[in-house]
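Please look at the sequence and the structure shown below before reading on. The report then takes up a few of the contacts in turn.

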There are 2 protein chains.
Amino acid sequence: MSSTEKTANVAIVGAGLVGALNAIYFAKRGWKVDLFELRKDMRLPEVKANQRGKSINLALSERGLSALRNSGLDLDQLILEAAVPLRARMVHIGKEGRQMSQAYGKKDQHINAVDRARLNEELLDIADKLDNITIYFEHNLLQTNMDKGELIFTVGSEKKTYQSDLIVGADGAYSRTRAQLMRRIRMDYAQEYIDTAYCELTMPPIKNAGGEDDFALDPNHLHIWPRHTFMLIALPNPDKTFTCTLFMPFSMFENIDSDSKVMDFFREHFNDSIPLIGEKRLLQEYSSNPRGALISIKCKPYHYKDKAMIIGDAAHAMVPFYGQGMNCGFQDIQVLHETLDKHNVGAELSADGKVSGLQKALDEYSIERSKDAHAICDLAMYNHYEMQSAVTSPLYLARKRLEGTLHHYFPKTVIPLYTMVSFTTIRYSEAIRRWNHQTWWLNAAAATSVSVVAATAVGLGLRYYEPMIKSISKYACRT
Amino acid sequence: MSSTEKTANVAIVGAGLVGALNAIYFAKRGWKVDLFELRKDMRLPEVKANQRGKSINLALSERGLSALRNSGLDLDQLILEAAVPLRARMVHIGKEGRQMSQAYGKKDQHINAVDRARLNEELLDIADKLDNITIYFEHNLLQTNMDKGELIFTVGSEKKTYQSDLIVGADGAYSRTRAQLMRRIRMDYAQEYIDTAYCELTMPPIKNAGGEDDFALDPNHLHIWPRHTFMLIALPNPDKTFTCTLFMPFSMFENIDSDSKVMDFFREHFNDSIPLIGEKRLLQEYSSNPRGALISIKCKPYHYKDKAMIIGDAAHAMVPFYGQGMNCGFQDIQVLHETLDKHNVGAELSADGKVSGLQKALDEYSIERSKDAHAICDLAMYNHYEMQSAVTSPLYLARKRLEGTLHHYFPKTVIPLYTMVSFTTIRYSEAIRRWNHQTWWLNAAAATSVSVVAATAVGLGLRYYEPMIKSISKYACRT
C-alpha cells in the first residue's frame, strides 16, 4: 500500500457469533474493524455468573464449519475440540419411552452440539488478539447516517459518534441496524410468529458406575419426544448436562398452570424424562423459566449502496427446527467474502474515498444470498412439522430408507434433503431445486414401473412427499 | 349515566381522513376523544399556501360514502356537493390518442373524485364543533405505555404525557403507533414495495367558448394512458384542473433525465397529453416534483387487549390502483363501530376501569377485518396489472361485456368484481370468494355447452380469467 492510500474501515454492530466471526474475516482482509456490542463483555466473571437466557446449545454443521475453516485460523478445529458429535436423532415413543435411533446421514456424518457462550468467547478472544480489531462493549446503537458512514451510540449517559466506510449490522433478529436501513431503502420485509412458544429445562448429569458425572441419555443423539402439536427435545452439553426444550402452543402453556397439571402432562407425554430431569427441578424451571416466542424474518435487499448492509439473523431470522440459524449466518460471511474476492475488493480507499468493487459485490451478495436465506427460512418452518409429527410415521420412515438406499447406489443423483442442508455447502436454494428434481425423478421411476416392488416402494415414499411439497411451497411463495 | 360512572376516553393518533372520521364516530358514541396530529392545523392560511405533496385527489366510492352516511351527520351529502362524478374510464390509445370510454358499472353508478384536503378540513371542522373532541396539533408521538394507557408526545422541545382508556393509531402507512404495538404483541407483518414510482403533473383548465375556465378533458372520466410497464392517469379536480400521475419503474425515471428525453418519451407515448399539460409545465414539473414510492402493508392482529389498536393505512397500506385506500379506511371505522355495537360497548367505565365488551369487540374486529384488508391489498396489486395492460386487450373487453350482460340478466348471481368492490359494501374477502365462485360457474356453463355460441363467448372470457386468478392467488397466499 502506498503512503497516500488509506485503509478502509468497517463498523460491525453486534459482537455475537456472526458479528465476531465477520470481524475476523474483515481483519484478515486487511480492513480496520470496529466491533460494537450492546451488552457487557460476556467474558467478564460477573457476566458469566449470570449467563443463561438464550438457548445455550447449538448444532454446528458443515456450513458453519466451512466458514470457520475458511477463516484461515483453524477455528473449526478449535471449536470442535469441545463439541459433542450428534450422529442421529433418538425418537422417544409412547408413554414407556421406547427409543428409536434415526441416523442423520452416513456413518461418518454427524452434526455437533456446541456451547453458544464458549463459541462466542473463543471468537472474541481471537478478535481481541488481532491488531486491526477494536471491540467496544456497552455501545447501544441509536442512529446512523449511512451516507456519511456515521454511527451514533448511547454509551452510559453519553452519545458517541463513530465513522466508518461500511456499516455492517450483525445485531440479530430485532436488529436496530435493519430498522435504520429500512428508513433509507425500499426494503421488502416480512415477519411471522408461529403459535409455538418454548421453555428450557435442564437435565442434570447422573453418576456412572465409577461415581463420575455422566450423561443421563445417549449423548451422541439429539433426543426428540414428538407429540404432533408439541414436542420436547434434548441436546447434550460438554458439561454432561442436557438442555431440554419444550415447544408447545402458547395456549397450552397458559392452560398448564399448576404443579399438578404439569406433572399430569409430563406423565402422560414425556414420562421417561421425569426421573431424568427430576420432579422438583421440572416444576421449578417450568414455572420460572421464560416462554420464548419464535419469529421468522425474510427481507431484501440487504444493503444500501456501498455504505451499509445486514447479515446473519438481522437479515434472516428463522425458527430453530433445522438447526441452521448459526450455520446460515456463518455461511453468509463466507459467501460475502467470496463475493468481495470475486470483485477484487481490497482494503484500500481510492482518492474519492471509495473501495473499488465494493458496491458491485454488495449488489450481487444481496440478490443471491437473499434467495438462499429465504429458502432455509422456509425449510426451517417445514421441519417444525417434520419434527413434531412425521418422524414417527411409517411412510416417513419408508421414504427415509428408500432415499438412503438410492443415495447409496446413486450418490450424486439422489441426495437426501437433510444431507444437502447439513453435510454440504450446496446453496440452500439449489438444495431445494435438486430435491424437487429428485422427487420428479422418483416419480418418473414409479411411472415406468421398473419393477412392481420398486414401484411400490417408491410409491410409499412419494405418498409421503406430497404434504411435504405442499407444505414447502406454502412457505416458499411470495419470497 | 349515574354520577359515579366515568366516561371512557380514546386517544386517536393521526388527524388525517381516518383519524378525524373515527374521532367523530367515537364522539357520537359518547366517548371523550383526544385527537393528536403530528403536523400543524392544515386549515391555517400559512399551511394551506404550502399544501401539495400528497396526492390531492381521491376516488370516493360506496364503502367510503356508507361510512360517511352512517356517522348520522349527513357527511356524505356534504362531501358529494364538491365532488366530480366519474362514470367511466377513458382509455387513451396509441400515438393519436384515440379515446375509448369504459363504464364502471350501470348508468347510475359512478365513483367520485374528491379533494383530499377539503375532505380532511370538513371532517376537522365537524370534529371541532363536537364538545367531546379535543384536537392537539404538532404532537409527535414518541412512545406509548399501552398497559397504562399512556402516550408520550414531543411537543416543540417539551415532552407531554396523556392518558387514555384506548389508544387508536390512525397514523398512516409508516405508523408510529404500529411500531409501538409491534413491541407489545407478536404481530405478523409484511411490507412490499413495487418497482413502480410515481410523479404528479398538473393539467390546467382551458378556456371554453364563453371565455371561462373549463376541463381540458371530459371530467366525468378517469383518464388512462395504459402502456404495459408504465401508465399515465388523470383525475379531475373541482377547480377544473386534472391531476395527472405518471406511474413507471424507478429505472425509467432515472434514464429519462433530460428535457429532450422527456419530450421524446411523451411524444412517443402520451402525445395527446402534451398540449393539454403544456410543454414548459411538463418539463418543469417532471424535473422538480418528487418521485413517490408505493408500498403494500399487511399485518395482524390489529390490537393489544382492550388497550390499543391500529386502523386505516396504519393497519393496511395498499397500492393505489383500485382507488380503495380511503374507502377501506372509512369502512374500517364503520365495521369497528358496528362490532362495538354488537358487543354492547357503551361509553361508561366500570368500577375496575374497564369498558364492558371492548376486548371481545376488538378481538373480533381484528380477526375479521384483517381478512378483508388483506383481500383488498391483493386486489389493488392485481389492478396494477389490469390498468397497465389488460384494459386494451380484446379478451379483457370481451370478458367485460360478457360479465356485464350476465349481470344484467342474473343481477344477483353474476356481479362484476369492480362492481362488488366499488358499488357495494360486501366484505372484500366475500367479494373475492363470490367472484371465484362466479368463475367456476361460468366454467361449468362452458363445460355443459348450453350453446356453442355461449360456450365460445364464455371461453373467451375464461381465458382472460386465468392470469387474473393466478395473479390474485400469488398475492393472496401466506396472508
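What follows describes a helix pair and a sheet in chain B of this predicted model.

## Helix 1 and helix 5

Two packed helices are described by the angle between their axes and the distance between the axes. In chain B, helix 1 covers residues 17-28 and helix 5 covers residues 116-129; their axes come within 9 Å and cross at roughly 25 degrees. Angles under 35 degrees count as roughly parallel, so helix 1 of chain B and helix 5 of chain B are roughly parallel to each other. The crossing of helix 1 and helix 5 of chain B is left-handed.

On the side of helix 1 of chain B, the contact is made by Leu17(B), Ala20(B), Leu21(B) and Ile24(B). Helix 5 of chain B contributes Arg116(B), Leu119(B), Asn120(B), Leu123(B), Leu124(B), Ile126(B) and Ala127(B). Of the residues in this contact between helix 1 and helix 5 of chain B, nine are nonpolar, one is polar and one is charged.

## The sheet

Chain B has an open sheet of three strands, in the order 4-8-5, with antiparallel pairing. Strand 4 (57-60) and strand 5 (84-86) of chain B are the edge strands, each pairing on one side only. Direction ignored, neighbouring strands of this sheet are turned by 35 degrees against each other on average.

Strand 8 of chain B spans residues 111-115 and pairs with strand 4 of chain B in the antiparallel sense over four bridges. Opposite Leu58(B) stands Val114(B), in strand 8 of chain B.

## Helix 5 and the sheet

Helix 5 of chain B also lies across strand 4 and strand 8 of chain B. The helix runs at about 75 degrees to strand 8 of chain B.

Note on methods. Residues are numbered from 1 along each chain as its sequence is written. Chains are lettered from A and ligands numbered from 1 in the order in which they are written. This is a predicted model: local features need pLDDT of at least 70, side-chain atom pairs count only at pLDDT 80 or more; totals for chains, interfaces and linings use all residues. Side-chain values use heavy atoms; hydrogens and water are left out. Axes are lines fitted to C-alpha atoms, for helices over the stretch in contact, and angles run from 0 to 180 degrees between N-to-C directions. Helices (H or I, at least four residues) and strands (E, at least two) are DSSP runs, numbered from the N terminus. Angles under 35 degrees count as roughly parallel, over 145 as roughly antiparallel, 65 to 115 as roughly perpendicular and the rest as oblique. A crossing is left-handed if the near helix is turned anticlockwise from the far one by less than a right angle, and right-handed if clockwise. Contact means heavy atoms within 4.5 Å. Ala, Val, Leu, Ile, Met, Phe, Trp, Tyr, Cys and Pro count as nonpolar, Asp, Glu, Lys and Arg as charged, and the others, Gly among them, as polar. Two strands pair if DSSP finds at least two bridges between them.
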